[in-house]
Amino acid sequence: MKHLLYAAVALATIAAPMAASAQPGERHDDRRELNDDRRDLRHDRRDAGRDGRIGPGERRELGRDHREINNDRRDLRYDRARADSWRGRSEWRDFRGVRPGYWFAPGYGYRPISRYGWRRGAYVPAPYRGYYVQDWGYYGLRAPPPGYRWIYADGNFVLMAVATGLIADLVIHGY
């Protein structure tokens with residue numbers, strides 16, 4: 001059991017520098033690696049508790065693995081302040097900085113600001129209904145329920161009912 005823990009720690013130690021030096025196009029592989037690390041941690045916790053007790057060394061190792069996984073998850077998320085978290089992504093390819101009077105819809109380009117009053121219970125204007133967020137997990141948004149989609153709207157994220165355009169939720173200045 002201890003050998004399994006040490007192997008997991010060694011794997012995580014070796015994989016951390018590789019994940020840090022990954023190119024932006026390798027995010028899909030990084031996300032898969034993160035999921036594998038999470039699965040390994042779950043198995044290690046289960047194996048550590050099989051004999052009825054978890055020793056202090058095992059608890060330390062498990063805690064270290066847990067912290068490392070959280071750091072990896074944080075690195076995979078969008079961060080406006082860190083250009084390396086969004087600059088290499090294809091939907092941000094046309095972004096050339098802030099333009100007065102315009103907002104940038106990743107993957108759709110610059111659009112004029114409408115000053116529309118975004119609020120729950122209102123309806124999304126028809127011109128905005130096609131600006132779908134392709135990777136909601138990357139922006140830290142929850143999974144949309146069936147029949148709903150996240151859209152970009154004036155620099156905000158809006159959870160919209162696809163059939164009616166009803167606003168169910170929104171994240172103001174989300175990106």
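1. Ring pairs join Trp103, Tyr108, Tyr116, Trp118, Tyr128, Tyr131, Tyr139, Tyr152 and Phe157 into a cluster. Rings of Phe, Tyr and Trp (its six-membered ring) count as a pair if their centres lie within 6.5 Å; planes under 30 degrees apart are stacked, over 60 edge-to-face, and the rest tilted. The model is predicted: local features need pLDDT of at least 70, side-chain atom pairs count only at pLDDT 80 or more, and totals for chains, interfaces and linings use all residues. Residues are numbered from 1 along each chain as its sequence is written, and side-chain values use heavy atoms, with hydrogens and water left out.

2. The structure holds 15 aromatic pairs. One of them, Tyr128 with Tyr131, is edge-to-face, with 6.1 Å centre to centre and 85° between the planes. Tyr128 counts as buried because its relative accessibility is 8%; buried means under 20% relative accessible area, exposed over 50%, and partly exposed in between (1.4 Å probe, protein chains only).

3. Tyr139 and Tyr152 also form an edge-to-face pair, at 6.1 Å centre to centre and 85° between the planes. Tyr139 lies in the loop between β2 (109-112) and β3 (148-153) and Tyr152 in strand β3, so this pair ties together parts 13 residues apart in sequence. Strands (E, at least two residues) are DSSP runs, numbered from the N terminus. Both Tyr139 and Tyr152 are buried.

4. Asp169 is found in strand β5 (residues 167-171) and, at 12% relative accessibility, counts as buried. Its side chain makes a polar contact of 2.8 Å with the side chain of Arg120, and another of 2.8 Å with that of Arg142. A polar contact is a pair of N or O atoms within 3.5 Å; within protein, one must be able to donate a hydrogen and the other to accept it, and residues adjacent in sequence count only if both atoms are side-chain atoms.

Technical notes: Helix = DSSP H or I, 4+ residues; strand = E, 2+ residues; numbered from the N terminus.
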